[in-house]
Amino acid sequence: MLADAVAVVLAATPLIVVGVLLVGLLWPATRAMPIAWVSAVLVGFFVWGMPPSWIIAATIEGLLTAVQILFIVFGALVLLYTMLRAGAFDVLNSGFATISEDRRVQIVLVAFFLSTFIEGAAGFGAPAAVVAPLLLGLGFPALAAVVAALIGHIIAVTYGAVGTPIMVGIREPMAGVSRIRTAIEAEGMTATEFAINVAAWAATYHLLVGFIMPLFVVGMIVYFFDDPADRSIAPALEVWPLCLFAGFAFAIPYWLSAWYISAEFPALIGSMVGAAIVISALRAGYFLPEDEWTFPEQSEWPDHWLGSIEPSDVSPMVDAAHDISILRAWSPYLLLVVLLLITRVVEPLPALLQGESITLLGTQVSLTLGTFATRIGEITVGVFLFEWTNILGTTLGNGINLTYVPGMWLLVSAVAAIAIFGMSRQQVSEAWLGATSKLASPLIALVFVLAMAHVMLQSGSHASGTESMIVVLGTATANVFGPVYPMVAALIGALGAALVGSNTVSNITFGPFQFIAAERLGISRELVVGAQAVGGAIGNLVAIHNVVAALATVGLVGKEGRVIRLNLIPLVYYTAFVGLLTLIFVYVLFPDVF
């Protein structure tokens, strides 16, 4: 192995390539990620001595993970587009809008609660893309709509798309790296149990830091989008009781869900329970502001507040009359929650859906059809199940389980929504085609970024005593920062998400990195990886493709710099305070946590 400093630089080369191409040159991920994968392959082959069979096997590992994530994305998008085509989201938004004309109240209800709900159900950039045009239709300036939607949903991203950043982003790489898996199993845990513990600690950080986010997003909007002569934080402080009540109404059920139910439900339960509590309080006359605050007259708005789409262009969508009740509009997502609870809690369904054989009415039942030994490894196939072990004669393996992941139940809920809303064949066709059309870019980006990550993760697996690129980076970072490393754990996660544009992929790439760094320092791995899961969420505030996607929905493409500059404020707040909490948790409050 080369000298340590050179080895660290070479290990970081794929990530440097990502940073330069995505952030420096503003290349799209579809162009940047294939090159990043090639750089990981070259470093793996020429520096780490990975045989071609191991490089291909690691790439296949990443591909199989990408397929599973894309299935979740597809299910989430189909349900989202079905709701949009049926007019159900118009009903939900109109219901929020009729509670109060005060823009601050609308920010809490739409930019916070509706955004966090959509994040919990769909993730992958959906909240800002849906909520920004809804806010525009309510009369918000386009730039304000984007900023509010991006900041409003960020506390939910750790558990976006029904827990994908945890159940895929944390569990999969922890199970896939032998050194990490061995350390976890030595504590009597599985990778799944470790991921669930990480989710619980991440929720604790979010509870203590994120409860203020409704007040934060209201403050950002009233300060930066008021008349410059009257610019003040005072209008936000006038509604601080409502904002803090909303923050705790969301954060407490969110935290309880993470600790006592599942890593898949915090964002969904927090948003649904919190919104119900806050709306009930508002309808009862509590927390409504005495004086109504709104934006200046549109004629006074600076040009950079407006995009090519005017508020009047989308307001009919919000104001349109529908014969769909609020309960009926929510029903597909309520069905989703019920299906997920049943398939995860009601025994023996979880075991059956994960490919295990169970006894049902005295008969052995299994979704697994058989295992076949082939020249390229052992392949297990079943009903929506596929597992490939010893890929190409290596010790690597991975699989796809479409029956247990949320994607299956998102699709079932989407099909049920067709009947619930009495949709026409054309509406259904538009929904499914719309969802499918959105998969092309994520497909290319996810396949190559996960292939890159798995080559980096497995670069030491082929030879005993060889540390992978991720282990080298984690060890070097721990050595540089020493005992204060917990202070930067969330920031590292945020930078990862900013680079790759996804909390899930940030967790896959940097989760093992953080685990190794914590192990090297002899501190809690669960607490440090929990900070990674929080940081990965917050990094979405400045992830280029997230910002571009949100701006595109309101006709503001080209204003990325303005949005990122504003979003750096909540990013710095969140990463700094989570870093401080991590330091206190690791060394003072919970030093014995694994």
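**Group meeting: sheet strands and packed helices**

Let me begin with strand 4 (residues 377-382) and strand 5 (residues 385-389), which run antiparallel and are joined by five bridges; strands here are DSSP E runs of at least two residues, helices are H or I runs of at least four, and both are numbered from the N terminus. This is a predicted model, in which local features need pLDDT of at least 70 and side-chain atom pairs count only at pLDDT 80 or more, while totals for chains, interfaces and linings use all residues. Residues are numbered from 1 along each chain as its sequence is written, and side-chain values use heavy atoms, with hydrogens and water left out.

Across from tryptophan 388 in strand 5 stands isoleucine 379. The open sheet has four strands in the order 3-4-5-6, with antiparallel pairing, where two strands pair if DSSP finds at least two bridges between them. Its edge strands, strand 3 (368-374) and strand 6 (398-401), each pair on one side only.

Now to the helices: how do helix 11 (residues 191-210) and helix 27 (residues 560-589) pack? They meet at an angle of about 125°, with axes 10 Å apart, the axes being lines fitted to C-alpha atoms over the stretch in contact, and angles running from 0 to 180 degrees between N-to-C directions. That angle makes helix 11 oblique to helix 27, because under 35 degrees counts as roughly parallel, over 145 as roughly antiparallel, 65 to 115 as roughly perpendicular and the rest as oblique.

Finally, in helix 8 (residues 160-167), eight of eight residues are buried, meaning under 20% relative accessible area with a 1.4 Å probe, protein chains only.

Terms used
Buried < 20%, exposed > 50% of the residue type's maximum accessible area, 1.4 Å probe, protein only.
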